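The sequence and structure are shown first, and the description follows.

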Amino acid sequence: MSGSRGNGTTSLIQRLSCPARPKVPRSIPRPENTTPRKACKALIGAYVGTSLEWYDFFLFGPTASIVFAPLFFGGEDPALAVLRFLQGMAVRGEWGGATLLAVENAPEHKRGFSSAVVQLGSPTGTILSSMIVAAVAAVVALADKTSPSIVEAVGYANAALVAFPIFWLVDTRDTALITVAMILGLGFASIPYAPVGTVLTQLFPVKVR
């Protein structure tokens with residue numbers, strides 16, 4: 001009897017000191033009323049959002065050192081480093097939400113694939129930002145070799161040509177087509193902004209400027 005009482009007391013002490021852990025589900029539950037179409041939209045939206053977030057992140061790197069630093073910050077001003085740190089915190093917050101959105105809505109046998117697709121946003125953003133920096137540098141170099149006014153006129157003509165296709169693509173409400181519209185807008189409609197500073201300075205005398 002004393003042995004059984006001792007075992008019972010020991011078992012009771014173990015239960016009180018080590019409470020049972022809650023059961024963790026092995027699989028992430030999917031939201032209700034999730035269809036393959038909704039899962040596909042969630043995956044595309046997460047990928048596009050991550051791509052644009054990393055595009056902004058990687059674009060800020062070279063422009064901060066080439067443009068912003070000599071124009072707005074002199075010497076060893078730590079303001080750029082602080083801004084870069086805050087931007088890094090923001091991009092990591094976006095990534096977590098985008099990955100969760102894609103994985104939660106994906107079927108259980110495709111959740112690894114969905115998570116990998118979201119990760120492709122980082123190299124996509126790197127490629128897009130590099131293309132934009134290279135395009136702006138090429139436009140500026142072309143303006144220096146020819147005439148800034150000619151480059152700006154060609155840029156506005158291109159912007160006019162792609163204006164209606166951009167609105168048509170956005171009006172479709174399709175995520176992939178809206179992404180194409182944003183690429184067209186960033187690639188063609190922004191060309192006139194490269195030489196506009198030079199053109200404006202040529203229009204007015206020094207006293208007016």
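## Report on the predicted model

R173 is found in the loop between α6 (148-171) and α7, where helices (H or I, at least four residues) and strands (E, at least two) are DSSP runs, numbered from the N terminus. With a relative accessibility of 74%, R173 counts as exposed; the classes are buried (under 20% relative accessible area), exposed (over 50%) and partly exposed (in between), with a 1.4 Å probe and protein chains only. The phi angle of R173 is near 60°, a positive value in a residue other than glycine.

The model is predicted: local features need pLDDT of at least 70, side-chain atom pairs count only at pLDDT 80 or more, and totals for chains, interfaces and linings use all residues. Residues are numbered from 1 along each chain as its sequence is written, and side-chain values use heavy atoms, with hydrogens and water left out.

**Confidence and overall architecture**

The predictor's confidence in each residue is given as pLDDT, from 0 to 100. Its mean over the protein is 76, and 79% of the residues reach 70 or more. Where pLDDT is low, the predicted coordinates should not be read in detail.

The secondary structure consists of eight helices and zero strands, in the pattern α-α-α-α-α-α-α-α along the sequence. Of the 209 residues, 22% count as buried. The protein exposes about 14,500 Å², of which carbon and sulfur atoms supply 69%; accessible areas come from the Shrake-Rupley method with a 1.4 Å probe, and for residues only the protein chains shown count as cover. A contact means heavy atoms within 4.5 Å. Among contacts between residues at least 6 apart in sequence, 76% join residues at least 24 apart.

A102 is placed in helix α3 (residues 79-105) and counts as buried because its relative accessibility is 0%. Not counting residues up to four places away in sequence, A102 touches L43, A46, S114 and V118.

S51 belongs to helix α2. Its relative accessible area of 5% makes S51 buried. Leaving out residues up to four places away in sequence, S51 touches G121, T124 and G125.

S129 lies in helix α5 and, at 4% relative accessibility, is likewise counted as buried. Apart from neighbours within four places in sequence, S129 is in contact with Y55, F58 and L59.

**Partly exposed positions and C-alpha separations**

A135 is in helix α5 and counts as partly exposed, since its relative accessibility is 37%. A157 lies in helix α6; a relative accessible area of 40% makes A157 partly exposed as well.

| Residue pair | Separation along the chain | C-alpha to C-alpha distance |
|---|---|---|
| A102 and V118 | 16 residues | 7.6 Å |
| S51 and L128 | 77 residues | 8.7 Å |
| A135 and A194 | 59 residues | 9.6 Å |
| A157 and I191 | 34 residues | 9.8 Å |

**The largest pocket**

On a 1 Å grid over the protein atoms alone, a pocket is an open set of points where a 1.4 Å probe fits, with protein on both sides within 12 Å along at least five of seven lines; lining residues have an atom within 4 Å of a point. Grid points are joined across faces, edges and corners, and a volume is the space filled by probe spheres set on the points.

The largest pocket has a volume of about 440 Å³. Of the 19 residues that line the largest pocket, those closest to its centre are I132, V133, A135, V136 and A137. At least two lining residues come from each of α2 (36-72), α5 (121-145) and α7 (175-189). Helix α5 gives the most, with seven residues.

By type, the lining comprises 16 nonpolar residues, three polar and no charged. In this grouping, Ala, Val, Leu, Ile, Met, Phe, Trp, Tyr, Cys and Pro count as nonpolar, Asp, Glu, Lys and Arg as charged, and the others, Gly among them, as polar.
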